[in-house]
Amino acid sequence: MKNGVNAPRLLGYGLGGALVVTGFAGLVVDAHLTDPLGWALWFGGLIVAHDGVLVPLVLLTGVAVGRMRSPSPVRAGLTVAAMLSLLALPMVTGLGRRADNPSLLPLDYGRNLLVVLGLVALGAALASIAVRLRARRRRG
């Protein structure tokens with residue numbers, strides 16, 4: 001179509017909207033079981049965390065990294081660090097840890113993540129140095 005909206009996209013929007021309305025209705029109808037105020041606070045906190053913390057960090061990082069050359073090892077290091085952090089976040093926060101079972105999540109995952117991120121940073125730094133040295137050798 002000329003305006004860029006097609007039938008499958010509209011169908012997806014309609015189905016998604018219907019699911020949101022169904023979920024919201026369930027929160028309101030079963031308010032005694034669902035704690036709508038708790039959900040509202042959770043979503044509000046999520047919005048604040050996203051718009052107030054995550055977006056500015058991503059924008060600042062994008063500006064800083066955008067000034068680097070295209071095949072920068074720093075970009076690769078940041079991508080790896082972001083994926084590792086996202087993967088480790090449930091363990092770092094202790095999601096699933098139970099007091100009655102100490103064998104669940106027994107390690108210091110926050111410290112371990114910092115160690116791994118340090119190694120990723122070291123690898124990115126060494127790769128950046130190698131790229132610069134190789135470029136100098138080619139020039140002179």
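This is a predicted model: local features need pLDDT of at least 70, side-chain atom pairs count only at pLDDT 80 or more; totals for chains, interfaces and linings use all residues.
The box filled by the C-alpha atoms, taken along the principal axes, is roughly 75 × 60 × 25 Å.

Within this arrangement, one place to look is the largest pocket. The space in the largest pocket comes to about 490 Å³. Its lining is made up of 14 residues, and the closest to the pocket centre are Leu-54, Val-58, Leu-78, Ala-82 and Ser-85. Which elements give two or more residues to this lining? They are helix 3, spanning residues 36-66, and helix 4, spanning residues 73-93. Helix 4 gives the most, with 8 residues.

The next feature lies on the surface. Which residues form a nonpolar patch there? The patch consists of Val-115, Leu-119, Leu-122, Leu-126, Ile-129 and Leu-133. Together these side chains belong to residues with about 570 Å² of accessible area. One of the patch residues, Leu-126, has its place in helix 5, which covers residues 109-139.

To follow the description in the model, start with helix 3 and helix 4, which both contribute to the lining of the largest pocket, and find Leu-54, Val-58, Leu-78, Ala-82 and Ser-85 around the pocket centre. Then turn to helix 5 and locate Leu-126, a member of the nonpolar surface patch.

Notes. Residues are numbered from 1 along each chain as its sequence is written. Side-chain values use heavy atoms; hydrogens and water are left out. On a 1 Å grid over the protein atoms alone, a cavity is a set of points where a 1.4 Å probe fits but cannot get out, and a pocket is an open set with protein on both sides within 12 Å along at least five of seven lines; lining residues have an atom within 4 Å of a point. Grid points are joined across faces, edges and corners, and a volume is the space filled by probe spheres set on the points. Helices (H or I, at least four residues) and strands (E, at least two) are DSSP runs, numbered from the N terminus. Patches are made of residues with over 30% relative accessible area and no salt bridge: like charges are joined within 9 Å, nonpolar side chains (Val, Leu, Ile, Met, Phe, Trp, Tyr) within 5 Å. Accessible areas come from the Shrake-Rupley method with a 1.4 Å probe; for residues, only the protein chains shown count as cover. A salt bridge is a side-chain nitrogen of Lys or Arg within 4 Å of a carboxyl oxygen of Asp or Glu.
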